[in-house]
Amino acid sequence: MFERFNDRARMVVVLAQQEARTLRHNYIGTEHLLLGLLREGGAAAPVFERFDVTTEEVQAQVARIIGQGDEVTTGQIPFTPRAKKVLELSLREALDSGDNYIRPEHILLGLLREGEGVAARILMDFAQLEEIRAAALGVAADRPREERAFRSQLSTLGPEVTEELMLRAAVGSKRALSLLVAGWLLFAVALGVGVLIGWAIWG
């Protein structure tokens, strides 16, 4: 699915993983996606500002509700089933809005549409989910300005984060390329079989 994410949405996922590591959690849940959205600061930022949702406040809420884990997690961290559902819903939100790519605002809309995870519980402390959703739907993204800000932010995050972000993008691209190659191979085999059958029939 990550090949459908634009760079800013991939950054949200990378930052969510960082938040999970900081809290020593061995999973990425909806609460980590929410923290990733807050830290990414893209199109969803005006929505958070409108309802006074801050990174510090959400971090405190997550620590209160879940607490810290016991061990530092290494390697890639898996998504919880609920977080996976949010990402699937974010794709649906993107398609519903006529967008072929998932952007941060679609992830926020996915969190709100799912409506039952830790992230939704935390957001309900700031406003009704319907109010936040209406604000998110009303966000008019200034994409050229955001992309310039994103490139500036990316340059400050260091090589490890940049490498992980690009790795996720590359994995998605390789999967798409593999499917394309497999399709062409199947077509070539079918064509060859058709030619052989033609020779057998027509001599």
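Me: Which residues have the most contacts inside the largest nonpolar core, and how many residues does that core have?
Reply: The largest nonpolar core has 44 residues, and L33, L34 and F48 are those with the most contacts inside it. A nonpolar core here is a set of buried Ala, Val, Leu, Ile, Met, Phe, Trp, Tyr and Cys residues joined through side-chain atoms within 4.5 Å. Buried stands for a relative accessible area under 20%, exposed for over 50%, and partly exposed for what lies in between, using a 1.4 Å probe and protein chains only. This is a predicted model, in which local features need pLDDT of at least 70 and side-chain atom pairs count only at pLDDT 80 or more, while totals for chains, interfaces and linings use all residues. Residues are numbered from 1 along each chain as its sequence is written, and side-chain values use heavy atoms, with hydrogens and water left out.

Me: Which elements give two or more residues to this core?
Reply: Those elements are α1, α2, α3, α4, α5 (81–96), α6 (104–114), α7 (118–123) and α8 (129–137). Helices (H or I, at least four residues) and strands (E, at least two) are DSSP runs, numbered from the N terminus.

Me: And what does F48 touch, leaving out residues up to four places away in sequence?
Reply: F48 touches L34, L37, L38, V53, L108 and L123, where a contact means heavy atoms within 4.5 Å.

Me: How many helices and strands does the protein have?
Reply: The secondary structure comes to ten helices and zero strands. Of the 203 residues of the protein, 43% count as buried. Among contacts between residues at least 6 apart in sequence, 74% join residues at least 24 apart.

Me: Is α2 mostly buried or exposed, and why?
Reply: Helix α2 is largely enclosed by the rest of the structure, because ten of its eleven residues are buried. The buried residues are T30, E31, H32, L33, L34, L35, G36, L37, L38 and E40. Just after α2 comes G41, which takes a positive phi of about 70°.

Me: What about α6, how many of its residues are buried?
Reply: Ten of the eleven residues of α6 are buried, and the helix is mostly covered. Its buried residues include H106, I107, L108, L109 and G110. After α6 comes G115, with a positive phi near 70°.

Me: At what angle do α2 and α6 pack?
Reply: The two helices pack at an angle of about 145°, and their axes are 10 Å apart. Axes are lines fitted to C-alpha atoms, for helices over the stretch in contact, and angles run from 0 to 180 degrees between N-to-C directions. On the α2 side T30, L33, L34, L37 and E40 take part, and they meet P104, I107, L108 and L111 in α6.

Me: Where does E105 lie, and how far is it from G42 in space?
Reply: E105 lies in helix α6, and it counts as buried because its relative accessibility is 9%. From C-alpha to C-alpha, E105 and G42 are 8.1 Å apart in space, although 63 residues separate them in sequence.

Me: Changing topic, what does the side chain of R10 reach?
Reply: The side chain of R10 reaches the backbone oxygen of F5 at 3.2 Å, and it also makes a polar contact with the side chain of D7 (3.2 Å). A polar contact is a pair of N or O atoms within 3.5 Å; within protein, one must be able to donate a hydrogen and the other to accept it, and residues adjacent in sequence count only if both atoms are side-chain atoms. R10 has its place in helix α1 and is buried, with a relative accessible area of 9%.

Me: Where is R24, and what is its phi?
Reply: R24 lies in the loop between α1 (7–22) and α2 (30–40). Its phi is positive, about 60°, although R24 is not a glycine. With 37% relative accessibility, R24 counts as partly exposed.

Me: Which element has the lowest mean pLDDT?
Reply: Helix α9 (residues 143–154) has the lowest mean pLDDT (54), whereas α2 has the highest (93). Here pLDDT is the predictor's confidence in each residue, from 0 to 100. Over residues 140–144 the pLDDT is below 50, and this stretch has six contacts in the model beyond near neighbours in sequence. Where pLDDT is low, the predicted coordinates should not be read in detail.
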